[in-house]
Every structure is written in C-alpha cells, then in structure tokens.
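Me: I am new to reading protein models, and I would like to learn how to look at the inside of one. Could you take me through it step by step?

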Amino acid sequence: MRWGLIGASTIAEQHMIGAFRATGGDVKAVVSTTATRAKDFANKNGIAGAGTELSVVLDDPSIEAVYISSMNEKHRAQALAAIGAGKHVLCEKPLAMTVAEAAGMVMAADKAGRVFATNHHLRCSGSHRAIRDLIVRGRIGRVLSLRLFHAVHLPESLQGWRINDAAAGGGVIPDITVHDADVARFLLGEDPSAVVAQMGASGMGQGVEDSAMSVWSMPSGAMVMSHESFTHPFAGSGLEVHGSEGSIFARGVMTQQPVGEIELVTAACREAVPFPAHSLYVQGVRDFLSAVAGQGQPAAAGVDGVASLAVALAVREAARTGIRQVVDYARAA
Ligand code: NDP
C-alpha cells in the first residue's frame, strides 16, 4: 500500500510510519501546515514528498490510502478531500468536532466506495481481544459492570493544543474518553445509552477539561464507570469487567504498547490469561489492508468512530450541564 500522510504528528512518527512499513507499505509524502516542518519531518522519517498543500498527497495517483493525524478540528475537511480524491482513509480519533460531521464523513466514504477507518488502537490489542473472548465465551456469565481506568500523565511534549485549544479539539474527553467509549462498545458489544458525568480542569492547560469521570448505562442493564485524565503520573491504567459468574482484572492495558496483565477470577479459578503481544498499530493497519482488499471490515470502521464521538460528546454535555444525557446516535446512523 502506498500511503500519504496528512499531519506531521507525533503519533505518525512514533507509531504509524513504522506500522505502514512493517506491513509492506511505502510512505510517499507528508503534508503539514508549515513548509519547513513538512520538509524536516520528511527528511527525518525517510519520506520523499513533502509540502503544505493537500494536493501533494491527493493529486498523486500512486497514493492509494491517506492517514490523517492532524489536530482534531482539521480531520473532517481533510478526510472529505481525501475521499473526494478517491483515497481510502485511516483517520485519527476523534473523527470530527460533532457527531453530524463525523456521520457525514462515513456517508461520503460509503458513497465513494472507499474504506474509511478510525484509528481506535485499543481494540487491536491482544489484551482487549482476549478479554472480549472471555466475555463472549461466557467465562464471567452475565456482564454486570465495566470499570475503565484511563488517567495518565500527558507528556510535556504534548502539552500544547490538547490542553490549551478548545477550537482545535483539545480536552481529555475528545482525546481519551472517545477511546474508552470504543473499548466499552468493543468489549460489551453494545452501545452506551445514557451518561452522567463530571469534569475538571486542574490548571495543566487552559479552556478545556483535563479530567473526567462518568457513568454510562448500557441497554443490557450493565453499568460502565470511566475515568480519564491528563494529570495522573502514577495512577496506571486498566479495566475490570465484573459478571455474574466471574471477574476479569486487567492492569496496564490502556496503553499504546502490547503490555499488561489479565487475571480471570471465578468460583473455580484464579488464573493469569495469556494474550498475544503484537503491535496494536501494526494490527490496525493489517485489518485496514484486509478491508481494502475486500476481506472484512477495518478493526474500527468509520461508524465506530462516530459512535465513540457520540458517547464522548454526551459525557462532555452531561458534565457541562449536570444533567443526564441520552447518547444521540440518530445522527450517527
Ligand atoms: P501532535 O501535536 O504531535 O500533532 C498534531 C499536529 O500538530 C501535527 O499534525 C502538526 O501540524 C502540529 N504539530 C505537532 N508538533 C508541532 C510542533 N512542534 N510545531 C508545530 N506544529 C506541531 O499530536 P499527536 O500526534 O499526539 O495527535 C495527532 C492526532 O492523533 C490527534 O487527532 C490525536 O487525537 C490522535 N492520536 C491518536 C492516538 C491513537 O492511539 N489512536 C494516539 C495519539 C494521538 P502540521 O501537520 O500542520 O504541521
């Protein structure tokens, strides 16, 4: 696959370029809003093409797929342009600033017959797939609750637009709550129906929340408790799924690395659960390539990105108003 990058970003440099190359791909060009940044990024990462115009990527007929990892408010226009140019698109989360915008991106890709995927990496991990497998095989019985611990410390190098710029899509809710919404949907196989929430800003940034806690109701009656933050250096991440016949305890599994531990506890056992330690991002790209080849869906399709955004925005609205919000998937259909 020949890839074009829109966004000279940290995630592209640290994870995605390697994942494209590890799956036999060629990264042909990168677009940045700044000419020197585009050139520097290209030189540093061994990419031949660089520029500030989308045409650098979109007008090159040899480029089949585009990876978008710019600031959040840019995703929509760039994705629509890429789809319009006939490219398949792997887009970073959150897909857009509103659910309606994100749904429009999915519709445009469907209409154009292009693959459009969301880069929700956690559902690509061996750990999350092993946990879902335990749930699906009935090892913990009926699921009663899920607790998601995703309070991390935002590295200083990333303490820019994410914590200072609401217009660019900053805030922990569009950044991390979207991932947690996807995890809940992936593990439990159902969509949160309503949420209550609180959010806070500790002073790390300005104008956006850096912490959120919320509780989600699931159609089955299960409850989800979710905690996201940019300000917790030592909290560690994890999740617990509690069922009528057992519990799953997973530590260190809400990360970009294939790490962590899973323990299954039932009346009959307390056992460590093994899982494959493949790269989350390589797996995501593999699934994307299969979808382009006509074999199945990407790990997280566009509709999954719409749904995760719908949950995250409901959390923010619930926290802002203090009022329980029914998650509005109508515009996500
Ligand atoms: P970065 O802040 O590193 O990059 C985002 C954009 O900011 C870049 O495209 C670039 O714009 C600009 N930028 C970055 N560094 C500089 C700099 N030193 N000077 C000037 N401009 C700069 O963000 P991330 O890589 O962390 O995130 C990018 C996207 O990926 C976001 O949408 C985020 O939500 C998502 N993400 C997803 C993850 C996942 O696991 N799925 C993990 C991390 C992020 P330009 O290209 O115009 O130069």
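Reply: Let us begin with a word: a residue is called buried if its relative accessible area is under 20%, exposed if over 50%, and partly exposed in between, using a 1.4 Å probe and protein chains only. This is a predicted model, in which local features need pLDDT of at least 70 and side-chain atom pairs count only at pLDDT 80 or more, while totals for chains, interfaces and linings use all residues. Residues are numbered from 1 along each chain as its sequence is written, and side-chain values use heavy atoms, with hydrogens and water left out.

Me: Is tryptophan 3 buried or exposed?

Reply: Tryptophan 3 has 0% relative accessibility, and therefore counts as buried. Phenylalanine 20 also stands at 0% and counts as buried.

Me: How are pairs of aromatic rings described?

Reply: One gives the distance of the centres and the angle of the planes. Rings of Phe, Tyr and Trp (its six-membered ring) pair if their centres lie within 6.5 Å, and planes under 30 degrees apart count as stacked, over 60 as edge-to-face and the rest as tilted. A search of the whole structure finds three such pairs. In one of them, tryptophan 3 and phenylalanine 20 are stacked, with 4.0 Å from centre to centre and 25° between the planes.

Me: Which parts of the chain does that pair link?

Reply: Tryptophan 3 belongs to strand E1 (residues 2–6) and phenylalanine 20 to helix H1 (residues 10–22), 17 residues apart; helices (H or I, at least four residues) and strands (E, at least two) are DSSP runs, numbered from the N terminus.

Me: Why is the pair of phenylalanine 20 and tyrosine 67 called edge-to-face?

Reply: Their ring centres are 5.5 Å apart and their planes stand at 65°, so this pair is edge-to-face. Tyrosine 67 lies in strand E4 (residues 65–68), 47 residues away from phenylalanine 20. Trp3, Phe20, Tyr67 and Phe288 form one aromatic cluster.

Me: What is the wider idea behind a nonpolar core?

Reply: In soluble globular proteins, nonpolar side chains tend to be buried together. A nonpolar core is a set of buried Ala, Val, Leu, Ile, Met, Phe, Trp, Tyr and Cys residues joined through side-chain atoms within 4.5 Å. Here the largest one has 96 residues, and those with the most contacts inside it are Leu5, Phe116, Leu239 and Val241. Helix H8 (residues 172–188) gives the most to this core, namely 10 residues.
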